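Visitor: Could you walk me through this one while I have it open?
Guide: Gladly, let us look at it together.
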Amino acid sequence: VSLSDYVASVVSSETFPGWPKEALKAQAVLTQTRLARRSVSKPLQDSTQDELYRGAGETRAEVRDAVAAVWGSQLLYQGRPATVYYHA
């Protein structure tokens, strides 16, 4: 699955329909930031340690638009992707 499809699915899975577009965009930036900090050798898990991913087919149009609007954006601290905490 492509990274943009993954991010759109995570944001769709972690939010509810009707959330404001700016909240969806913020979630997309945070998800991209978390991905940028991951080691490519560490697989994503199906646990409360990772964000919820229901599959590439689980997206909504407003989420795909929000992801496209901020695609490639990350939250940086001192020039590096920030540590972004996720809690389930």
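Visitor: Which residues in α1 meet which residues in α2?
Guide: L3, Y6, V7, V10, V11 and E14 in α1 meet L24, Q27, A28, T31, Q32 and L35 in α2, where contact means heavy atoms within 4.5 Å, and helices are DSSP runs (H or I, at least four residues) numbered from the N terminus, as strands are (E, at least two). The residues of this contact divide into eight nonpolar, three polar and one charged; Ala, Val, Leu, Ile, Met, Phe, Trp, Tyr, Cys and Pro count as nonpolar, Asp, Glu, Lys and Arg as charged, and the others, Gly among them, as polar. Please keep in mind that this is a predicted model, in which local features need pLDDT of at least 70, side-chain atom pairs count only at pLDDT 80 or more, and totals for chains, interfaces and linings use all residues. Residues are numbered from 1 along each chain as its sequence is written, and side-chain values use heavy atoms, with hydrogens and water left out.
Visitor: OK, new topic: where is Q78?
Guide: Q78 sits in the loop between β1 (76–77) and β2 (80–81), and has a positive phi of about 55° although it is not a glycine.
Visitor: Is Q78 buried or exposed?
Guide: Q78 is exposed, with a relative accessible area of 70%; buried means under 20%, exposed over 50%, and partly exposed in between (1.4 Å probe, protein chains only).
Visitor: And what does V29 touch?
Guide: Leaving out residues up to four places away in sequence, V29 touches V70, S73, Q74 and L75.
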